[in-house]
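Student: I would like to learn how to read the features of a structure like this one. Please take me through it step by step.

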Amino acid sequence: MIRNIVFDFGAVLFQWKPQHIVETFTQSVDEQTILMREVLAHPDWLELDRGTMLIAEEIPKFAARTSISVQRMEDFFNHIQLSLEKIPETEALFFRLLDQNYPLYYLTNMCSAFFETLYEKHHFISFFDGGVVSGKELTMKPEPEIFLLLCKRYELNPHECLFIDDHYPNIETAKSLGFNTIHFTPTQSCIDEIEELLATFSIKTQLVK
């Protein structure tokens, strides 16, 4: 039986397209390459997600490593946050599940500052029953600890949860812990798969009753 739905944020509920982010920030191909390699794909980015470094600490490091000014690096980080737009199809799915009275949770790798910006900007996040943000917990997906933290904090049974994420290593960890999973792709067929899976579990539950 699936009683709870757990959403990832980036590339599931919110756009996360690193190449598009750098291309819409600068027309310089060289600068795009530097920002991708030395910021978004650099190990320091993961330290932001993990919460072991703060944006205010990382920006000077990114600036020094890339020879890009601190002010321009701050502009880039503002641009990143503006790029985290809602994905309409999964937002619509979220509200359909809300109407069906599913408890909804989030489990996201994201620095605290980005999460707070999203929370202030997008009112629907307040409709979640709870969730875990990696940047506040010093652990991140696909480490098992963050999944177990979610379950402990909200008294969730993994076997009663559907976990939706775009990154397959996260799916693998969730499966190993007993979660039902959907490896998300931004397609209507994936949305349909989620709803069909939930409908199937609902029918099975009714038959058991």
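Tutor: Start with Asp165, which sits in strand S4 (residues 161-165). Helices (H or I, at least four residues) and strands (E, at least two) are DSSP runs, numbered from the N terminus. The model is a predicted one: local features need pLDDT of at least 70, side-chain atom pairs count only at pLDDT 80 or more, and totals for chains, interfaces and linings use all residues. Residues are numbered from 1 along each chain as its sequence is written, and side-chain values use heavy atoms, with hydrogens and water left out.

Student: Is Asp165 buried or exposed?

Tutor: Buried means under 20% relative accessible area, exposed over 50%, and partly exposed in between (1.4 Å probe, protein chains only). Asp165 has 0% relative accessibility, so it counts as buried.

Student: Which residues is Asp165 in contact with, leaving aside its neighbours within four places in sequence?

Tutor: Contact means heavy atoms within 4.5 Å. With those neighbours left aside, Asp165 is in contact with Asp8, Val12, Lys141, Asn170, Ile171, Ile182, His183 and Phe184. With Lys141 there is also a polar contact, side chain to side chain, at 2.8 Å. A polar contact is a pair of N or O atoms within 3.5 Å; within protein, one must be able to donate a hydrogen and the other to accept it, and residues adjacent in sequence count only if both atoms are side-chain atoms.

Student: How do I read the two faces of a strand?

Tutor: In a regular strand the side chains alternate between the two faces of the sheet. In S4, Cys161, Phe163 and Asp165 are on one side and Leu162 and Ile164 on the other, and all are buried.

Student: And how are strands put together into a sheet?

Tutor: Strands of a sheet pair through backbone hydrogen bonds, either parallel or antiparallel. Two strands count as paired if DSSP finds at least two bridges between them. Here five strands form an open sheet in the order S3-S2-S1-S4-S5, with parallel pairing. S3 and S5 stand at the edges with a single partner strand each, so one side of each has no neighbour in the sheet. Ignoring direction, neighbouring strands are turned by 15° against each other on average. For such angles, axes are lines fitted to C-alpha atoms, for helices over the stretch in contact, and angles run from 0 to 180 degrees between N-to-C directions.

Student: Which residues are bridge partners in this sheet?

Tutor: Strand S1 (residues 4-7) is joined to S4 by four bridges, and Val6 has Phe163 as its bridge partner there. Val6 also stands opposite Tyr105 in S2; S1 and S2 are joined by three bridges. On the S5 side, Phe163 has Thr181 as its bridge partner. From S4 the chain crosses through helix H9 (residues 168-176) to S5 in a right-handed β-α-β crossover. Right-handed means that, with the strands pointing away from the viewer, the path from the first strand over the helix to the second runs clockwise.

Student: Which helices lie across these strands?

Tutor: H6 lies across S1 and S2, at about 160° to S1. H8 lies across S1, S2, S3 and S4, at about 150° to S3.

Student: How do I describe aromatic pairs?

Tutor: A pair of aromatic rings is described by the distance of the centres and the angle of the planes. Rings of Phe, Tyr and Trp (its six-membered ring) pair if their centres lie within 6.5 Å; planes under 30 degrees apart count as stacked, over 60 as edge-to-face and the rest as tilted. The whole structure has 26 aromatic pairs. In one of them, Phe9 and Phe14 have ring centres 5.3 Å apart and planes at 65°, so the pair is edge-to-face. Both Phe9 and Phe14 are buried.
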